[in-house]
Structures are given as C-alpha cells and as structure tokens.
Amino acid sequence: MFAHRLFPLAAAAILACSPAGATASHKVVNTILDSGNTGQTLSSGYTTMETAGSRCTSSTCTVSMQVMASVGKATCTSEWAIVGLVDGNSVDGGPDQSDLPSNGKYQTRTWQGQYTVSNGNHTFAFQIYVPCSTNAYQWSVNYMLTTP
Amino acid sequence: MGVEMNWRTTASLIAGAIMAASGMNDGWAHGVAAVSHTIKRVVLQAGNVNRTLPSGYTTIEHRDVWCGYMTCTFAMSIMANVGEATCKGEWAIVGLVDGNSVDGGPLLEALPNAGNTQTHTWQGIYAVDEGYHNVQFQLYLPCSANANQWSVRYLVTTP
C-alpha cells in the first residue's frame with residue numbers, strides 16, 4: 001500500500017522529464033489487440049496480466065495504451081489500480097481506480113496512457129494492483145503504435 | 001433481479017470453465033491473440049438516450065459493419081452514463097456482434113445513489129469473417145434507471 005502511494009509521486013517526478021507524448025497528430029502504424037478472462041484469484045500486490053511486443057521502425061514512436069479490467073470478490077475495500085508498462089517502465093504510475101467493491105460485487109474500469117519510445121523492439125504490458133486477495137475477470141487491451 | 005444477476009454471473013463462470021477445459025487462450029471464443037492489426041475503418045457514433053430504461057437489457061445502438069477481408073477484428077470501445085437508479089445493483093455495458101456477447105458484459109459497478117450519475121467505458125474485441133456484421137451495444141440494468149450520454153468507437157482492423 002505504502003509503496004503504491006509513493007509510486008505515483010515518483011512517477012510524476014519522472015514524467016516531468018520523460019517520454020510522455022506531446023499533443024500532436026500521430027499516424028497509427030500498428031495496433032495490438034488482446035482480451036481474456038482469467039477468473040483467477042490475485043494475491044495482493046502487482047500481477048502481470050498480459051504482455052505484447054512491437055517494433056518501432058521510425059526514429060520515434062508513441063504507444064497509446066487502453067486497458068479494461070474487471071475485478072470482484074475482494075477481501076478488502078481499499079483501492080486498486082491498472083498499471084501500464086512499456087519496457088518495464090510504468091507509464092504513469094497507475095492511478096488508483098476506486099475502492100474495491102464490497103460484498104462479493106464486481107467492478108470494471110479502464111485506464112489509458114501513452115509513452116514515447118525510440119527505434120527498436122519494445123514490450124508492452126499491463127498489471128493489476130490489488131491491496132488484498134481479489135478475483136480478476138474480463139480484460140482487454142488496445143495498444144496503438146504511432147509515429148511519431 | 002436476483003435470477004438475472006445469477007444468470008449473468010453463472011454465464012461468465014461457465015465461459016471461463018469451458019475455455020480452461022479446452023486449453024484455449026484465456027480469451028473468449030472470438031477473442032484475438034496479441035498480434036499486429038491494421039486499422040481499416042473507424043465507426044463513430046454518439047447520442048443521449050435521455051429516458052428511463054426498465055430493468056434488463058436494452059439495445060442502445062446497432063449497425064451493420066462491413067468486413068471486406070477474409071478476417072477482420074472489431075475493437076469496440078463504448079461509454080455510457082446512467083443515473084437516477086431505483087436500486088444499488090450492478091449494471092453493465094454489453095457489446096454484441098451478430099447477436100453474440102463479446103465477453104459477457106462485465107459488471108461495471110453498483111448503480112449510483114439517487115440524484116447521482118455514473119459514467120463507465122467498456123472495451124472488447126471480436127474476430128469476424130468477410131461480410132456484413134451486426135454490431136450493437138446494450139445496457140444491462142438490474143432495476144429502472146435513466147440512461148444519458150453514450151458514445152461508441154469501433155475500429156475495423158485486419159486481421
């Protein structure tokens with residue numbers, strides 16, 4: 001929990017000089033789509049749900065990430081998060097989504113972010129952060145690799 | 001309402017069990033592996049229902065979308081706003097292609113208290129073959145509630 005609260009602050013500091021894309025027109029060169037329904041119980045902390053890869057053939061590319069995830073049957077009501085990663089680096093720290101649902105209820109949220117990369121192969125992933133044991137259900141990702 | 005909710009939960013669990021037993025990817029039958037896709041077309045639409053919906057499933061928007069290739073993937077993203085609910089049950093946005101639910105429509109959250117509204121976005125993907133396909137979205141409500149603004153963005157990609 002404590003680490004998760006510190007993470008966004010550290011991420012904000014990093015973002016001040018980091019690869020977030022400026023507001024400009026981009027051309028989509030590749031789209032990665034994937035979805036699933038794990039139905040598994042996640043333990044507290046970060047769980048990697050999906051990983052994918054793509055090659056940036058320009059000098060600079062921007063990856064635009066959209067992730068949806070559903071959770072439920074949580075054993076606490078603290079806040080959870082969807083965390084997007086590029087090459088192992090958190091895109092924005094993973095903002096808290098909401099308090100986990102109580103009494104066996106479910107909750108579905110989306111997260112989106114963008115990250116600038118240079119020429120070469122890159123890995124994209126998303127994690128779910130839960131503060132306590134929680135079930136994960138449907139998820140889907142839409143990653144667009146754009147230039148610049 | 002209880003029967004409806006139980007059916008929804010059970011359907012999700014059954015689908016998960018079938019996929020686990022069949023050794024499929026943890027996606028749904030028409031789920032798409034994490035491969036590269038090329039966007040061929042984008043379908044955009046928005047509106048405001050601005051009326052009270054009954055409990056159950058209500059189709060909000062539907063259209064026929066053309067796939068001009070051997071295989072296409074529809075990447076669907078749908079936003080909807082609801083409010084003035086008469087209960088605190090959970091609601092859902094359900095994407096459908098040719099009448100088949102894309103992922104069962106995960107429950108989004110408990111409906112908001114009286115006087116409040118709530119907006120959520122659902123997204124999912126579905127593989128189809130060449131031809132016209134009916135793409136629609138429904139709102140599932142466990143009780144009477146108002147539906148307001150909505151918007152959809154459907155990407156048609158190859159494969």
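Visitor: Where in chain B does B:Asp98 lie?

Guide: B:Asp98 sits in the loop between strand E3 (90-97) and strand E4 (100-101) of chain B. Helices (H or I, at least four residues) and strands (E, at least two) are DSSP runs, numbered from the N terminus. The model is a predicted one, in which local features need pLDDT of at least 70 and side-chain atom pairs count only at pLDDT 80 or more, while totals for chains, interfaces and linings use all residues. Residues are numbered from 1 along each chain as its sequence is written, chains are lettered from A and ligands numbered from 1 in the order in which they are written, and side-chain values use heavy atoms, with hydrogens and water left out.

Visitor: Why does B:Asp98 count as partly exposed?

Guide: Buried means under 20% relative accessible area, exposed over 50%, and partly exposed in between (1.4 Å probe, protein chains only). B:Asp98 has a relative accessibility of 38%, so it counts as partly exposed.

Visitor: What is noted about the phi of B:Asp98?

Guide: Its phi is positive, about 55°, although B:Asp98 is not a glycine. Most residues other than glycine have a negative phi, and most peptide bonds are trans. B:Asn50 also has a positive phi, near 50°, and is a residue other than glycine. B:Asn50 belongs to strand E1 (residues 35-53) of chain B, and its relative accessibility of 59% makes it exposed.

Visitor: Which peptide bonds are cis?

Guide: The bond from A:Thr147 to A:Pro148 is cis, with omega near -10°. A:Pro148 is in the segment after E8 of chain A. The bond from B:Thr158 to B:Pro159 is cis too, with omega near -15°. B:Pro159 is in the segment after strand E7 (145-158) of chain B.

Visitor: What makes a patch of negative charge on the surface?

Guide: The patch gathers B:Asp64, B:Asp98, B:Asp129 and B:Glu130. Patches take residues with over 30% relative accessible area and no salt bridge, joining like charges within 9 Å and nonpolar side chains (Val, Leu, Ile, Met, Phe, Trp, Tyr) within 5 Å. Asp and Glu count as negative, Lys and Arg as positive, and His and the chain ends are not counted. The place of a charge is NZ of Lys, CZ of Arg, CG of Asp or CD of Glu. Accessible areas come from the Shrake-Rupley method with a 1.4 Å probe, and for residues only the protein chains shown count as cover. B:Asp64, in strand E2 (residues 56-83) of chain B, has 51% relative accessibility and therefore counts as exposed.

Visitor: Why is the contact of B:Glu109 with A:Arg109 called a salt bridge?

Guide: A salt bridge is a side-chain nitrogen of Lys or Arg within 4 Å of a carboxyl oxygen of Asp or Glu. The N to O distance between B:Glu109 and A:Arg109 is 2.9 Å. B:Glu109 lies in strand E5 (residues 107-110) of chain B and A:Arg109 in strand E7 of chain A, so the pair joins two chains. Both B:Glu109 and A:Arg109 are buried.

Visitor: How many salt bridges does a search of the whole structure find?

Guide: Over all chains there are 2 salt bridges. B:Arg63 forms one with B:Glu61, at 2.6 Å between the closest N and O atoms. B:Arg63 has 24% relative accessibility and so counts as partly exposed; B:Glu61, with 6%, is buried.

Visitor: How many aromatic pairs are there, and why is that of A:Tyr46 and A:Tyr129 tilted?

Guide: The search finds 7 aromatic pairs over all chains. In the pair of A:Tyr46 and A:Tyr129 the ring centres are 4.9 Å apart and the planes stand at 45°, so the pair is tilted. Rings of Phe, Tyr and Trp (its six-membered ring) pair if their centres lie within 6.5 Å; planes under 30 degrees apart count as stacked, over 60 as edge-to-face and the rest as tilted. The pair links distant parts of the chain, with A:Tyr46 in strand E3 (residues 45-72) and A:Tyr129 in strand E7 (residues 106-130) of chain A, 83 residues apart. A:Tyr46 is partly exposed at 35% relative accessibility, while A:Tyr129 is buried at 4%.

Visitor: What kind of pair do A:Phe124 and A:Tyr143 form?

Guide: A:Phe124 and A:Tyr143 form an edge-to-face pair, with 5.9 Å centre to centre and 70° between the planes. Both residues are buried.
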